[in-house]
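Below is a short briefing on a structure, arranged by topic. Please look over the sequence and the coordinates before reading on.

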Amino acid sequence: MIWAAFATILSHWRRHKLQLAMLVVGLALATALWSAVQAINAEARASYAEAAGQISPDRQDRLVGPEGQVTLAQYQTLRRSGWQVTPVVEMTLGTGNRQLELIGIDVLSNPLLADLMATQDDADAPQTGEPSTAQPPTPADLLLAPGRMFAHPETQFPTAPAGQSWPPIIRSEQVPRGLGLADLSTVVAMAGTPDRFSHLVLLPNQPKGVPPLAEITPELRRQTAASGADTAQLTESFHLNLTAFGLLSFAVGLFIVQGTVALGIEQRRGLFRTLRSLGIPLKTLITIIFLELFAITLLAASLGLVLGFVLAGLLLPGVSATLSGLYGARVDGSLTLQWHWVLSGLAMAVGGMILAGAQSCLSIAKLPIMAPPAAAARGQQACRNHRRTAAVGALLLLGSGILPVAFDGLLAGFVFVGALMIGAALLLPWALSHLLRFGTQTARGPLAQWLWADMRAQLPGLSLALMALLLALATNIGVGTMVSSFRLTFVGWLDQRLASEMYLTIPAREDPAAITDWLTENDVRVLPIRHSDERYEGLPLEVYGVADDPTYRLNWPLLDALPSVWDKIAAGDGILINEQFARRENLSPGDQLRIASDWEAEVLGIYSDYGNPHLQAIAGLDLVVAKRPSISNRRFGLRMDETQIAPVRQQLQDRFDLPATAFINQSALKAQSLQIFDRTFVVTAALNLLTLGVAGFAILTSLLTLWNQRLPQLAPIWAMGITRRQLAWCEILRSVLLAALTAVLALPLGLALGWALLAVVNVEAFGWRLPMALFPLDWLRLLALALLAAAIAAALPARKLSRLHPADLQRVFSNER
Amino acid sequence: MNASSICNLFWAGLLAIGVCGGANAQGYAGLGTTAEGFAVPQPNTPLRFPQDHAAHPEYRIEWWYLTANLTGVDGQDYGIQWTLFRSALRPGSQDQENDANIWSNSQIWMGHAGLTTAEAHYFDERLSRGGLGIAGVEAAPFRAFIDDWHMTGTSEEIDQIQLFARGDAFAYDLSLIADGPLVLQGNQGYSVKSAQGQASYYYSQPHYRIRGTLQLPEGPVEVTGDGWLDREWSSQPLAEDQSGWDWFSLRFDDGTKMMGFQLRGTDIFTSGTWIAADGSATPLEPGVLTTTALSTTQVEGRDVPTRWRLQLPERDLDITVEAMNANAWMGASFPYWEGPVRVSGSATGIGYLEMTGY
């Protein structure tokens, strides 16, 4: 009996294959979007976790030499005076994804290897073409030729330098990818410089009473260790961002499911009535319906997971680019299946299905056995519900208005955005209903009046789909406003920052003085670009020296500064710092800052420095050179007349035999910067488009749901002489009009969202506050897109209507239930 | 840092064996492995001075080992240890002496310094490979060094030396003057270590008078006292079944001194030297000295005997040797116990105790 009932209920889908497909596709899309975002997050987090678990060559203070090198003599001097230091040689071999960073350490004195060995159990099988891997190495293996090299299992080795071969490789997950770690004896044999090191690591426990570094090796500079904590915080907010996006996508996807499920139940109302009349208890009926939905959900969710995995694979490179571009955090470009996002995808799908199915089942439960399926009456009841949802929506909006005033921080930002979006969505049916009433009142002519009134009547059935559209449009406007504001600011900032007409990097073999002298003689203003790499609390800090030139005075984008700041900079009285630095350390002009152990300066001003993940400072060139006499002087900004660019470049090339790579045109540099910027936000754009697509799909399913209820309402109009063709156009017009009204309401919501993203979320996530810019053309394009989506969604029902046999319409009257 | 992992990696490995402390088939820290390719001590080879104060790279291992019992102006007793170990990763004949890569040197140097008070024990360690000018032994004047730790003579001889070491919590700077002759251990410096004939070259200078300064966390302390230098080199000093040793250098109040040791293997092998007040030395025949552990102390998770009974019937000696500070554990790349002791019983005095393989 139960099986028979189950088979009967299932038979509906056999006859409505398109509807089944829609249900499955809707749920699969929702699951796909959600699980793709989860997969990306999980992958990025796994990457961080792996990096944290790996040996890190940056975690100790180090001593660096003026030319980026430390000599054996300096190392001996330090050790013989008691300092516990250990030398490190770094070199890079190969290119592209076969690039390998080689790090040579003294395994006797560097704790890195001990860390590595502590978890090193067995050696992995060698990869093809590599020297065979040895068993756990003895110090003699490590210290004496050919030595051993530690590398991640996935690290690819480039061809060894001519006349040399790689030592046996020991594979270990503990070593970061793209890095080969070996004893100095091994790396030095490849580098050929046994008496030069990249830097010395200062070991943690130094003996008591050793002479100060400044006395024994005054030419070496101490840099503090990297902490990495900030990146974690920043990337965390980025992931929260992504998660919010995923949740939104899922919510939009759920509207489709809700629509389809409602349709499936609506259409089977007669069948349910029959089944119940035949004696199937209500409980059994509802259980069967849920079983059916559950089976469909599993099918759809599995499809969605596959789709999500593919989608994540496509989006991940963009995410990696964003994370490395904005925060300097490294995420591997490859995706691995992780059980927790698979589970989360399934759970969301099942949860969503229960949510979507519950409402429909409730309506069945409430349905009196013999009651006719009076769609219109239920529609009117839904209309009364508008007020209740509208009241909840208004409360949420009110709450969201208070939030940013009352609370600070990222989470408050997200709660605000969430409350704003849900509140507005709940208010939508009420607002649309009023707009439509106004339309009805102002309409001229019976057909127009009917069209408005009909729209109002259809509102309950379409409201969920329209809410989805509202959310999608608002998200598009909000995120679009953020990204475009960001881009506009960035472009403006690039114009300021890249003020020089041409940038020149003089190759090491050339004498910079000869070239700069020639340039000066030829009326080109030469602005040296010299910087010193410092470390501030372990984070890389670049300190640039700038010449006293109108270029900086006129163009440099200062956010805040003391009076006559450029005179003070020229006089060496202080420094400028970038916004990131100021926000991180909570600094304002006038504060004192110690940027290196031997360098304290007053903060004279703060400048915007978008897209730079690192701390930066600017000081007068004379001051920087006085502090760091040995910084290289090979990069220059060249100021000249526009027309001079090509000839000067040609003459420089001819006269000094400079390679083409020595020059970068300002325009090329800007294009490159923008390219990086755009790549950063490619994920956002892709998610935006997908969400909009899903919303369009939701409208389609809702219209199809309404299809059967439409006939009784359309038949009288047809009978009054309106052709089927006209009625079909009316269908499309109706859909487009509703979409347009929704879009109008989505605009303020989107702008509010954009404001929240810029003023709250962005500051937390990226470290910069951006001015908000409005882009009405973008809105128009989006509106067009929304209307197009609505038209396409209505096209299928409209086509069906225009091809409907007159007899079917007539039957409405003869067959009135 | 995980001490045991470093232990596994370095010290054990330096001696080509992957075991750290504890009983094992190839002796404590691999000292029982075969000596293939390395020179092996031969009996009846006269030691030559001052040449033999310097390094013997053709042998696998070697050490310059100085311990001292000191008394501060504050009346407290102190003990210090200063040791430089040399270990060759492969026989010298295979070492590419002319290799331009100075980092491929096969001689590894390790320094240990310890300072023990009644309540505290400080130690530190230094490691370097040879050929870098950071560690080694120079002949004229005599100078054994690693980093800024050094044992420096005024000439090629070692009768007057300056001793210096410092860690992150302690330092010492001491002047040592010997008022007695060098003592050749075993048979004229050929010291047998097992019934199978494993042996080392071994001589001592047990007659140092010391004056100098200790730096402690509480501040500097002026000290005076007595020091004992051991010089030993070999390629396979232990038999394969020997897991460790207990070594005593005792200074009795009547001016006599005794070096005694037992090597723990399948059988216990004991030996030593009796040193008269005038410095003349008499080897103790294997087995005449008996050692009995009276009680143990739990140190770093190991049971270490810190109270001993030593009996030497031929000298009517029956004494109890007790650690001044039971926690004198050297948790270095290869861990062992090394600290000052007090002697009571048929004779009284002070000295040093070293215990390995626990």
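**Briefing: strands, helices and backbone**

A:Arg594 stands opposite A:Glu600 in strand S18(A). The model is predicted, with local features requiring pLDDT of at least 70 and side-chain atom pairs pLDDT 80 or more, while totals for chains, interfaces and linings use all residues; side-chain values use heavy atoms, without hydrogens and water. Residues are numbered from 1 along each chain as its sequence is written, chains are lettered from A and ligands numbered from 1 in the order in which they are written.

**The S17–S18 hairpin of chain A**

- Strand S17 (residues 592–596) and strand S18 (residues 599–607) of chain A run antiparallel and are joined by four bridges; strands are DSSP runs of E with at least two residues, helices are runs of H or I with at least four, and both are numbered from the N terminus.
- Two residues lie between S17(A) and S18(A), which form a hairpin.

**Eight-stranded sheet of chain A**

- The strand order in this open sheet of eight strands is S6-S5-S7-S4-S3-S9-S1-S10 (chain A), and the pairing is mixed; two strands pair if DSSP finds at least two bridges between them.
- Strand S6 (169–171) and strand S10 (221–223) of chain A are at the edges with a single partner strand each, so one side of each has no neighbour in the sheet.
- From one strand to the next, the twist averages 30 degrees.
- Within chain A, strand S3 (residues 85–93) and strand S4 (residues 100–105) run antiparallel and are joined by six bridges.
- A:Val88 has A:Ile105 in S4(A) opposite.
- Helix H3 (residues 72–80) of chain A lies across strand S1 (62–64), S3 and strand S9 (199–202) of chain A, and runs at about 155 degrees to S3(A). Axes are lines fitted to C-alpha atoms, for helices over the stretch in contact, and angles run from 0 to 180 degrees between N-to-C directions; contact means heavy atoms within 4.5 Å.

**Four-stranded sheet of chain A**

- Another open sheet has four strands in the order S12-S20-S11-S21 (chain A), with antiparallel pairing.
- Its edges are strand S12 (525–528) and strand S21 (663–665) of chain A; each has a single partner strand, so one side of each is without a neighbour in the sheet.
- Direction ignored, neighbouring strands of this sheet are turned by 25 degrees against each other on average.
- Four bridges pair strand S11 (residues 502–505) of chain A with strand S20 (residues 635–639) of chain A in the antiparallel sense.
- A:Leu504 has A:Phe636 as its bridge partner in S20(A).
- Lying across S11, S20 and S21 of chain A is helix H20 (residues 645–656) of chain A, which runs at about 170 degrees to S21(A).

**Helix pairs of chain A**

- Helix H1 (residues 2–15) and helix H9 (residues 269–277) of chain A pack at an angle of about 170 degrees, with axes 11 Å apart. That makes H1(A) roughly antiparallel to H9(A), a term for angles over 145 degrees.
- H1(A) and H9(A) have a right-handed crossing; a crossing is right-handed if the near helix is turned clockwise from the far one by less than a right angle.
- A:Ala5, A:Thr8 and A:Ile9 in H1(A) are in contact with A:Leu271, A:Phe272 and A:Leu275 in H9(A). The residues of this contact are five nonpolar, one polar and no charged; Ala, Val, Leu, Ile, Met, Phe, Trp, Tyr, Cys and Pro count as nonpolar, Asp, Glu, Lys and Arg as charged, and the others, Gly among them, as polar.
- Helix H14 (residues 446–497) and helix H24 (residues 776–802) of chain A pack at about 155 degrees, their axes 11 Å apart. H14(A) and H24(A) are therefore roughly antiparallel to each other, and their crossing is right-handed.
- The residues of the contact of H14(A) with H24(A) divide into five nonpolar, three polar and one charged.

**Backbone exceptions**

- Most residues other than glycine have a negative phi, and most peptide bonds are trans.
- A:Ala145 and A:Pro146 are joined by a cis peptide bond with omega of about 5 degrees.
- B:Phe49 and B:Pro50 are joined by a cis peptide bond with omega of about 10 degrees.
- B:Glu300 is not a glycine, but has a positive phi of about 50 degrees.

**Confidence in chain B**

- Chain B has a mean pLDDT of 87, and 87% of its residues reach 70 or more; pLDDT is the predictor's confidence in each residue, from 0 to 100.
- Residues 1–25 of chain B have pLDDT below 50, and this stretch has 62 contacts in the model beyond near neighbours in sequence.

Conventions: Parallel < 35°, antiparallel > 145°, perpendicular 65-115°, else oblique.
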